[in-house]
Amino acid sequence: MTVNEPVPDTFEDTPARDRDPEWFKRAVFYEVLVRSFQDSNGDGIGDLKGLTAKLDYLQWLGVDCLWLPPFFKSPLRDGGYDVADYTAVLPDFGDLADFVEFADAAHQRGMRVIIDFVMNHTSDEHPWFQESRKDPDGPYGDYYVWADDDKQFQDARIIFVDTEASNWTYDPVRGQYYFHRFFSHQPDLNYENPRVQEEILAALKFWLDLGIDGFRLDAVPYLYAAEGTNCENLPASHAFLKRVRKEIDTQYPDTVLLAEANQWPEDVVDYFGDYAAGGDECHMAFHFPVMPRIFMAVRRESRYPVSEILAKTPAIPSGCQWGIFLRNHDELTLEMVTDEERDYMWAEYAKDPRMRANIGIRRRLAPLLDNDRNQIELFTALLLALPGSPVMYYGDEIGMGDNIWLGDRDAVRTPMQWTPDRNAGFSSSDPGRLFLPTIMDPVYGYQVTNVEASMASPSSLLHWTRRMIEIRKQNPAFGLGTYTELPSSNPAVLAFLREYEDDLVLCVNNFSRFAQPTELDLREFDGRHPVELFGGVRFPAIGELPYLLTLGGHGFYWFRLTRVASRTGRRL
């Protein structure tokens with residue numbers, strides 16, 4: 001494999017950290033695109049030095065772990081997920097020394113770093129593929145899945161149905177077809193070849209040696225293919241991931257593996273591994289079906305879409321955690337809904353066909369919710385309170401908008417809006433050189449929606465979000481606690497308990513646009529006074545009768561159910 005010159009770094013300037021195997025359960029993750037966050041050299045493209053310069057802001061916001069999508073060498077035909085070298089930084093972003101400096105600086109501020117790693121495929125410009133297509137009998141000849149025709153694996157679904165007609169593409173150089181689950185310029189690696197397995201493990205360890213804290217493992221359900229199956233979630237894929245976990249646990253403790261498997265929860269739980277052992281595969285996995293159901297529930301003003309998917313979610317091993325999100329760099333995927341539900345979501349959230357991509361919606365959170373502050377706050381409260389570690393998307397904390405006139409998913413990948421100045425403070429380059437134009441519309445444009453303005457306004461969404469993160473971190477029940485939904489007399493209201501040791505939090509959420517009352521059966525907490533966490537207000541004591549609450553439109557409460565002292569002084 002091609003390996004860059006090693007970067008000498010002893011990490012002596014990085015504070016020693018105690019072992020913390022469960023850090024990822026308490027963490028608030030923040031996805032940040034290197035290309036979109038801050039440009040340090042005025043070439044119109046965000047880079048690692050620019051990201052490093054903005055770490056103080058991220059520390060102030062209170063996030064615990066930064067997730068960086070691919071920043072590797074790539075032709076960028078798929079946002080960097082078409083990797084051309086697993087161990088080289090895209091020159092536009094800097095070099096390995098810049099990355100080490102960034103990781104060190106993040107650690108100095110108490111933040112961890114995980115990076116995307118695309119395990120399933122490479123770019124067709126990767127040297128392995130170029131060698132494989134030129135020399136079938138050479139050392140790389142069997143690194144990819146080749147066939148003389150396109151008839152194999154017919155049960156494998158096509159993922160990008162709007163751009164790809166087949167999972168096979170003919171290569172005129174080799175005179176054979178190659179298999180690909182994603183775009184035709186992303187050939188699938190052949191994991192049946194032991195050398196491919198060793199190459200991937202070596203590349204993972206390369207980055208771990210540079211000090212990162214984990215990986216988001218991209219597209220893991222598709223590592224292996226087998227005739228007569230849908231080529232997803234095969235036992236061989238799980239076996240390889242268990243091997244990765246074992247080697248990483250042994251050599252790099254406290255490292256987290258986050259599986260990206262856009263599947264139903266009953267299939268995704270297999271990526272946690274052995275339940276009895278507490279999990280021996282991935283530490284985390286995204287819970288994809290939760291996200292569209294939050295959008296559906298709020299628009300239908302009914303808690304049932306969220307309640308039902310959480311009720312169907314199997315228990316996970318004790319050492320594992322879900323990852324939940326509202327938006328990210330991809331489209332709002334609608335794979336995990338029925339055809340009828342997809343039509344409903346498109347009708348409600350993507351009325352303009354340009355707002356759609358593949359079978360999803362390429363919009364940011366604020367425009368999806370019509371920039372309605374109450375809705376944005378309700379969605380964020382659910383993100384931070386539902387079971388799992390929340391993953392925020394850069395710019396959503398200030399209510400950034402999107403640009404549906406840009407191609408593919410670039411609509412939601414525009415430059416971060418720092419100031420009302422030139423190029424939103426993102427870059428000093430000529431505006432025409434920017435890799436993507438800044439948002440300039442009257443509602444979401446950088447002239448009004450930016451970090452500087454948000455910092456100056458104590459009532460801004462940014463300050464509110466920071467406070468909510470702070471409250472979550474003060475209550476370990478959110479990260480480590482159990483989840484119990486409470487019966488609510490009102491179908492528009494979702495109420496649930498999060499409990500960890502003596503930390504007990506009651507969350508009540510109104511999915512309706514109108515004020516709603518609800519009665520909750522809280523008799524088991526008789527005598528306790530709910531204390532609202534945001535303002536510290538003490539509510540009336542719970543008694544034998546149903547506890548009556550009234551919530552404003554799209555309102556929510558987070559209560560700590562504090563114990564009270566009895567007349568004898570004993571804590572109840």
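A residue is counted as buried when its relative accessible area is under 20%. In this predicted model, Asp 171 has a relative accessibility of 2% and is therefore classed as buried. Asp 171 belongs to strand S7, which spans residues 168-171. A polar contact of 2.5 Å links the side chain of Asp 171 to the side chain of Arg 133.

Rolling a probe the size of a water molecule over the atoms shows where empty space is left. The structure contains 4 cavities of 30 Å³ or more. The largest cavity has a volume of about 420 Å³, and 26 residues line it. Of these, Phe 160, Phe 182, Glu 260, Asp 330 and Arg 409 are the closest to the centre of the cavity. By class, the lining of the largest cavity comprises 10 nonpolar, 7 polar and 9 charged residues.

For the second largest cavity, the volume is about 160 Å³.

Open space was considered separately. The largest pocket has a volume of about 450 Å³. A total of 24 residues line the largest pocket, and those closest to its centre are Ile 316, Gln 321, Trp 322, Pro 387 and Gly 481. Two or more lining residues come from each of strand S12 (321-325), helix H17 (477-480) and strand S17 (482-486). Strand S12 gives the most to the lining of the largest pocket, with 3 residues. In terms of residue class, 13 residues of the pocket lining are nonpolar, 8 are polar and 3 are charged. At the level of domains, domain 1 (24-119 + 194-290 + 316-472) and domain 3 (482-563) each supply at least three residues to the lining of the largest pocket.

Strand S17, one of the elements that line the largest pocket, also takes part in strand pairing. Strand S17 pairs with strand S18 (residues 493-500) in the antiparallel sense, over 5 bridges. The two strands, S17 and S18, form a hairpin, with 6 residues between them. Within this pair, Tyr 483 stands opposite Arg 498 in S18.

Strands of a sheet pair through backbone hydrogen bonds, in either a parallel or an antiparallel sense. An open sheet of 3 strands is arranged in the order S13-S15-S14, and the pairing is antiparallel. Strand S13 (332-333) and strand S14 (356-357) are the edge strands, each pairing on one side only. Strand S13 is joined to strand S15 (residues 360-361) by 2 bridges, and these two strands run antiparallel. In this pairing, Leu 332 is positioned opposite Ile 361 in S15.

Terms used:
Residues are numbered from 1 along each chain as its sequence is written. This is a predicted model: local features need pLDDT of at least 70, side-chain atom pairs count only at pLDDT 80 or more; totals for chains, interfaces and linings use all residues. Side-chain values use heavy atoms; hydrogens and water are left out. On a 1 Å grid over the protein atoms alone, a cavity is a set of points where a 1.4 Å probe fits but cannot get out, and a pocket is an open set with protein on both sides within 12 Å along at least five of seven lines; lining residues have an atom within 4 Å of a point. Grid points are joined across faces, edges and corners, and a volume is the space filled by probe spheres set on the points. Helices (H or I, at least four residues) and strands (E, at least two) are DSSP runs, numbered from the N terminus. Ala, Val, Leu, Ile, Met, Phe, Trp, Tyr, Cys and Pro count as nonpolar, Asp, Glu, Lys and Arg as charged, and the others, Gly among them, as polar. Domain bounds come from an automatic or database domain assignment. Two strands pair if DSSP finds at least two bridges between them. Buried means under 20% relative accessible area, exposed over 50%, partly exposed in between (1.4 Å probe, protein chains only). A polar contact is a pair of N or O atoms within 3.5 Å; within protein, one must be able to donate a hydrogen and the other to accept it, and residues adjacent in sequence count only if both atoms are side-chain atoms.
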